[in-house]
Amino acid sequence: MNTEKDFSPLTPNIVRALNDKLYEKRKVAALEIEKLVREFVAQNSSTQIRHVIQILASEFALSQHPHSRKGGLIGLAACSIALGKDSGLYLKELIEPVLTCFNDSDSRLRYYACEALYNIVKVARGAVLPHFNMLFDGLSKLAADPDPNVKSGSELLDRLLKDIVTESNKFDLVAFVPLLRERIYSNNQYARQFIISWIHVLESVPNINLLEYLPEILDGLFQILGDNSKEIRRTCEVVLAEFLKEIKKTPSSVKFAEMANILVIHCQVADETKLTNDLIQLTAMTWMREFIQLAGRVVLPYSSGILTAVLPCLSYDDRKKNTKEAASACNNSLMKLVTPEDDEDEEKSGNTGSTEDGLPKTEADSNDMLNASQESVGFSNISFFTPASADRPQVILDLDGIVQVLDRHLHDSSTGMMTRIAVLKWLYHLYIKTPRKMFRHTDSLFPMLLKTLSDESDEVILKDLEVLAEIASSPAGQTDQVGSCDSTDNKPELKVPEGAKPGQQPSTDSRVMDSSPSTPSMNSYFYKFMINLLKRFSLERKLLDNRGAFIIRQLCLLLHAENIFHSMADILLKEEDLKFASTMVQTLNTILLTSAELFQLRNQLKDLRSQESCALFCCLYRSWCHNPVATVSLCFLTQNYKHAYDLIQKFGDLEVTVDFLMEVDKLVQLIESPIFTYLRLQLLDVENNPYLIKALYGLLMLLPQSQAFQLLSHRLRCVPNPELMRTVDESKYIDSKHQMASKRASHSQMDYNELLQHFDRVQSKHLEVRHQRSGRASDHPDRKLM
């Protein structure tokens with residue numbers, strides 16, 4: 001430094017001492033500067049004071065010589081001490097050169113800069129707050145300083161600054177948030193520790209409302225939550241917990257919508273092998289659960305994103321039990337927010353009427369939903385987010401987005417079982433609450449719903465069947481135009497399920513709509529469903545063998561059993577694959593005769609007293625002709641014993657195969673089952689049931705000497721002598737004859753000759769197909785006769 005240069009009002013001795021390498025001499029110079037500045041303060045000479053500060057800053061603190069810079073720093077600190085409460089007038093000139101030295105390569109000089117700034121801030125106290133951003137920016141750099149002494153000095157300065165902010169009511173949060181938003185994304189561990197500690201302090205100050213700016217820093221907080229340092233993670237957890245606690249207290253001031261997408265992002269784990277990601281996901285999911293509870297329908301526009309994050313978590317194992325439970329709570333709460341009002345068009349819903357209390361209907365419904373959610377989760381002391389109706393925007397459910405997410409999860413083969421179940425529950429719920437809008441998506445969803453019937457899980461299949469049954473029976477699915485599958489000439493007339501009133505309009509009451517998936521009438525999708533289901537059974541024989549009976553029985557519970565059998569029989573009548581038709585008839589026949597779900601239908605067919613039951617028998621019979629043994633069993637069920645005998649007489653013209661004999665064997669076993677108890681009792685009335693006995697003897701003659709033969713033979717030996725049975729009361733005998741005569745009269749309404757001719761035609765087709773197959777097999781060069 002040029003010592004000849006004029007540094008007045010600083011004396012040459014002060015200048016020399018400030019440039020000295022010894023700290024003690026520089027300290028003596030600082031005391032002289034302090035004395036000099038006090039004199040200027042007494043004289044109220046601000047010009048001289050600024051001149052001294054300018055010389056110390058430009059000629060010393062910003063000098064190229066390290067000792068000069070050290071002298072300038074201690075000199076600036078001395079000026080601040082001398083100025084006392086008046087230092088606030090010169091803070092910009094005092095602080096800026098000191099902060100520049102924070103970037104010095106010499107760690108000792110950075111330490112002296114930290115010490116000088118500490119003294120300046122200590123004197124100025126609250127007056128430094130207008131310059132807070134500069135101080136924060138400098139301190140954030142020192143927080144990551146590699147030198148422990150510098151770091152220790154910066155921590156002292158940091159604590160001092162925090163004390164000043166805490167005790168002041170003039171902190172400019174608006175000006176600070178942009179800087180905080182920028183620095184919160186630092187990857188340096190020490191910088192993160194510095195940032196999170198400041199957020200913790202600001203959040204705890206009563207007159208600083210950091211919650212208002214939470215959307216701007218929430219993403220950064222979740223980034224810090226993933227830090228490798230356990231201490232930083234713990235501090236961040238505390239900060240987030242405090243924010244969430246405050247959100248619960250004052251939900252009306254929270255910007256839920258602006259933070260929803262941030263939570264959605266962090267609810268999704270990018271790298272499951274990283275343990276810190278589990279903490280981020282659990283915390284974000286916990287926040288999401290609270291947001292849905294507190295904000296209610298405000299989050300509905302973000303439903304697709306929320307489901308994208310929540311649904312995969314439902315399939316987590318016990319290692320992520322807490323995350324799974326939080327996700328389940330989110331899913332259930334979100335589902336409750338969807339109401340019938342979401343089925344209205346946007347234009348119509350914008351003009352909703354008012355309730356008796358003067359509130360718009362949509363808001364009243366929303367409040368009811370919030371209260372219901374409150375009771376279900378147990379937040380009894382929480383005030384919920386209920387903005388004034390004038391400021392409340394129209395909430396629109398993102399139905400298209402939701403359906404897209406649900407469909408994507410159904411298509412993904414890696415989707416877990418519990419997730420698939422949740423997806424199907426959502427689809428069912430949407431078809432119940434918003435049927436009109438959902439049917440716009442049915443054509444795209446239908447193929448995947450049918451494919452899901454091949455799922456490995458019974459529970460998934462049950463939920464899938466519930467959705468398909470709702471689609472097939474919902475009044476919203478009624479259309480004037482039917483699909484290509486409905487273009488058949490003889491479409492079955494479908495009956496109203498039990499408990500439904502013909503002509504009943506769909507109710508908007510969710511309790512009514514949730515009570516049963518069955519609705520008053522089958523719509524155009526029902527027949528389409530039946531056709532595609534049989535087509536799937538035809539293409540996937542494994543599905544038919546393993547799950548066919550299970551699926552059909554469940555459908556008989558969800559829909560009307562008569563509708564199921566009537567429509568399937570009608571479709572099978574036109575089936576070109578005769579082998580499949582025979583197998584399918586055998587399956588349906590077994591279900592009809594053995595399943596508890598078909599009890600009512602069996603009773604309806606047993607007597608054939610009504611025109612409807614006779615029509616159903618004829619419909620089933622025509623398709624049952626694909627399988628001769630099933631046809632006989634249907635005649636046994638409906639007590640058409642003479643016709644059964646006539647059919648068995650024709651069995652002599654059929655090709656008797658091992659499979660055929662096995663079916664006869666199974667029929668004999670069924671005759672011994674509780675289903676045919678009434679048939680066995682009718683063997684006591686030999687005179688009125690001669691064709692029953694003849695039919696059973698016919699079956700006996702068909703069977704080889706097997707266990708079934710012995711079983712049926714023993715049963716027929718138990719048939720009593722007709723003469724012995726006449727010892728009973730004559731009046732009862734006469735009544736029995738009258739009953740049989742009445743039954744024959746009802747049966748006479750049907751043209752049995754025509755039915756026998758139909759049986760012959762169907763069996764001729766089967767015989768022709770079998771001959772064609774055997775011909776192709778014999779012509780094949782690689783085939784050999786056994």
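Biologist: How many residues apart are glutamate 34 and arginine 38 in helix α2?

Modeller: They sit 4 residues apart in helix α2, residues 23-42, so about one helical turn separates them. This is a predicted model. Side chains of opposite charge can pair when their charged atoms come close. Here glutamate 34 and arginine 38 form a salt bridge, at 2.7 Å from N to O.

Biologist: Is glutamate 34 buried or exposed?

Modeller: Glutamate 34 counts as buried because its relative accessibility is 16%, and the cut-off is under 20%. Arginine 38 has a relative accessible area of 42% and is partly exposed.

Biologist: Which residue forms a salt bridge with aspartate 278?

Modeller: Lysine 320 does, with the closest N and O atoms 3.4 Å apart. Aspartate 278 belongs to helix α14, whereas lysine 320 is in the loop between α15 and α16, so the bridge ties together parts 42 residues apart in sequence. Aspartate 278 is partly exposed at 21%. Lysine 320 is buried at 12%.

Biologist: Which residues do salt bridges with shared partners join into one network?

Modeller: Asp137, Lys141, Glu182 and Arg183. Within that set, glutamate 182 and arginine 183 pair with their closest N and O atoms 3.7 Å apart. Glutamate 182 is exposed, at 53%.

Biologist: How many salt bridges are in the whole structure?

Modeller: The search finds 32.

Biologist: Now the nonpolar side. Which residues have the most contacts inside the largest nonpolar core?

Modeller: Leu10, Leu221, Phe565 and Phe636, in a core of 247 residues. Take phenylalanine 636. Leaving out residues up to four places away in sequence, its contacts include Tyr641, Leu667, Phe676 and Leu699.

How values were computed. Residues are numbered from 1 along each chain as its sequence is written. This is a predicted model: local features need pLDDT of at least 70, side-chain atom pairs count only at pLDDT 80 or more; totals for chains, interfaces and linings use all residues. Side-chain values use heavy atoms; hydrogens and water are left out. A nonpolar core is a set of buried Ala, Val, Leu, Ile, Met, Phe, Trp, Tyr and Cys residues joined through side-chain atoms within 4.5 Å. Buried means under 20% relative accessible area, exposed over 50%, partly exposed in between (1.4 Å probe, protein chains only). Contact means heavy atoms within 4.5 Å. A salt bridge is a side-chain nitrogen of Lys or Arg within 4 Å of a carboxyl oxygen of Asp or Glu. Helices (H or I, at least four residues) and strands (E, at least two) are DSSP runs, numbered from the N terminus.
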